Amino acid sequence: MSDPTRGLHRRRFLTGALGVGAGAALTACTSNEPAGGGGGPAVAPAPAAGGSEPGTPVTIGFSAPAADHGWIAAIAQNAQAQAEQFPDVTFEAVNPTNDIAQQIAAVETLINRGVDALVILPNDGSQLTRVGRQAMDAGVAVINLDRIFDSPLAYRTWIGGDNYGMGVSAGHYIGTRLREAGVANPIIAEIAGIDSLPLTQERSRGFAEALATYGFAVGPRQAADFTAQGGQEVTANLLQASPRLDAVWNHDDDQGIGVLAAINQAGRNEFFMVGGAGSANAMREIQADTGVLKATVTYSPSMASSAVALARLVAQGRGMSDLAEQEVPASITLASATITKENVANYLPLGFES
């Protein structure tokens, strides 16, 4: 942190932020190979843009919500594991919390410590926009992870999953499978997360629009709360009200534990199901191929690994491999892959435990 070139690196990241359109959505030039016990490390940047060799020592601060379910727990684990891959990175994680005021205070502490970059998964993007802007104004590069701040001025780079794309992937898998089976007028159920959240709304919109391309529509629909208990309760109600189903999409594999429990308890197997997010639990179920769960669409917490790698590159004034530009992009949207029995072995190392 006493590096005399630190001010130069900060000026370079600010220049990069202005030089790349904040609305650009690019696929990350990162790898999904597993690292330690967490997510995958980024592909080493090309020598011209900053190679894999150690660079200027940098300190990266990290703040995220408390790990109240598997996906959030994997976010923190992957970030830590990725930082440990870099001998030039000092990783400072503050205590995770679900309290907005406490998270703001924790981020302010990291700013005051003089970290070179911050990776922030906010409890609420809107409510933490001010502290993101505070960090950027202080010359600290902010990598906004998943839940986006209200203003691009509050972050150098945003990286996150594609909620709309999750719905599209699920819709295409279900639509294709039903069409190939010759099912006419299928009954397709949807078990969503929390309906008031924009992410749930985007997932549902992508699902409905993808199904429409096959001439299909969403039938019975219930919203849970991303918990196993909530998933079990709403699924039991949905099954009782729907004597026949052809397919089900469950938005979240954490709540999917309860969804599958309700299905097994009801003794129903006339339909197939698609999950969401990509938990290891769901992948093992898909691999075994003994139940209704046949696929899941990813929203991988490996994005935390990539966020730490991006923070390092930005703080060091380096760019990404395979890109002509010298700066890290301002926005990176990760694609939602469809995991089936045929490819599950490739993704299982990236799965998180629900």
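Modeller: A residue counts as buried when its relative accessible area is under 20%, as exposed when this area is over 50%, and as partly exposed in between, using a 1.4 Å probe and protein chains only. Ser169 has 14% relative accessibility, so Ser169 counts as buried. This is a predicted model, in which local features need pLDDT of at least 70 and side-chain atom pairs count only at pLDDT 80 or more, while totals for chains, interfaces and linings use all residues. Residues are numbered from 1 along each chain as its sequence is written, and side-chain values use heavy atoms, with hydrogens and water left out.

Biologist: Which helix holds Ser169?

Modeller: Helices are DSSP runs of H or I with at least four residues, strands are runs of E with at least two, and both are numbered from the N terminus. Ser169 sits in helix α5, residues 163-180.

Biologist: Which residues is Ser169 in contact with, leaving aside its neighbours within four places in sequence?

Modeller: Contact means heavy atoms within 4.5 Å. With those neighbours set aside, Ser169 touches Val297, Ser336 and Thr338.

Biologist: What does the whole chain look like in such terms?

Modeller: The chain has 11 helices and 12 strands. It has 354 residues, and 55% of them count as buried. For contacts between residues at least 6 apart in sequence, 73% join residues at least 24 apart. Accessible areas come from the Shrake-Rupley method with a 1.4 Å probe, and for residues only the protein chains shown count as cover. The accessible surface of the chain is about 14300 Å², and 51% of this surface belongs to carbon and sulfur atoms.

Biologist: Is Ile111 buried or exposed?

Modeller: Ile111 is buried, at a relative accessible area of 10%. Ile111 belongs to helix α3, residues 100-113. Apart from its neighbours within four places in sequence, Ile111 is in contact with Leu118, Val131, Gln134, Ala135 and Ala138. Ile111 and Met136 are 25 residues apart in sequence, and their C-alpha atoms are 9.5 Å apart in space.

Biologist: What is the relative accessible area of Thr90?

Modeller: The value for Thr90 is 42%, so Thr90 is partly exposed. Thr90 lies in strand β2, residues 89-93. Beyond its neighbours within four places in sequence, Thr90 is in contact with Val58, Thr59 and Ile60. From Thr90 to Val115 there are 25 residues in sequence and 9.3 Å in space, C-alpha to C-alpha.

Biologist: At what angle do α7 and α8 pack?

Modeller: An axis is a line fitted to C-alpha atoms, for helices over the stretch in contact, and angles run from 0 to 180 degrees between N-to-C directions. Helix α7 (residues 228-241) packs against helix α8 (residues 253-266) at about 40 degrees, and their axes are 6 Å apart. Angles under 35 degrees count as roughly parallel, over 145 as roughly antiparallel, 65 to 115 as roughly perpendicular, and the rest as oblique. α7 and α8 are therefore oblique to each other.

Biologist: Is the crossing of α7 and α8 left-handed or right-handed?

Modeller: A crossing is right-handed if the near helix is turned clockwise from the far one by less than a right angle, and left-handed if anticlockwise. α7 and α8 cross in the right-handed sense. Among the residues in the contact are Gly231, Thr235 and Leu239 of α7 and Ile257, Val259 and Ala262 of α8. For classes, Ala, Val, Leu, Ile, Met, Phe, Trp, Tyr, Cys and Pro count as nonpolar, Asp, Glu, Lys and Arg as charged, and the others, Gly among them, as polar. The contact of α7 with α8 has 9 nonpolar, 6 polar and 1 charged residues.

Biologist: How do α5 and α6 cross?

Modeller: Helix α6 covers residues 198-212, and its axis comes within 6 Å of that of α5, crossing at roughly 30 degrees. This crossing is right-handed. The contact includes Tyr164, Met166 and His172 of α5, and Leu199, Arg203 and Phe207 of α6. Its residues divide into 9 nonpolar, 6 polar and 4 charged.

Biologist: Which residues of α2 and α10 meet?

Modeller: Trp71, Ile75, Asn78, Ala79, Gln82 and Ala83 of α2 meet Met303, Ala304, Ser305, Val308 and Ala309 of α10. By class, these are 8 nonpolar, 3 polar and no charged. The axes of α2 (residues 70-83) and α10 (residues 303-315) come within 7 Å and cross at roughly 35 degrees, and the crossing is right-handed.

Biologist: What is phi of Phe226?

Modeller: Phe226 has a positive phi of about 70 degrees, although it is not a glycine. Phe226 lies in the loop between β7 (218-223) and α7, and at 15% relative accessibility Phe226 counts as buried. Asp289 also is not a glycine and has a positive phi, near 55 degrees. Asp289 is found in the loop between α9 (280-288) and β10 (293-298), and at 32% relative accessibility Asp289 counts as partly exposed.
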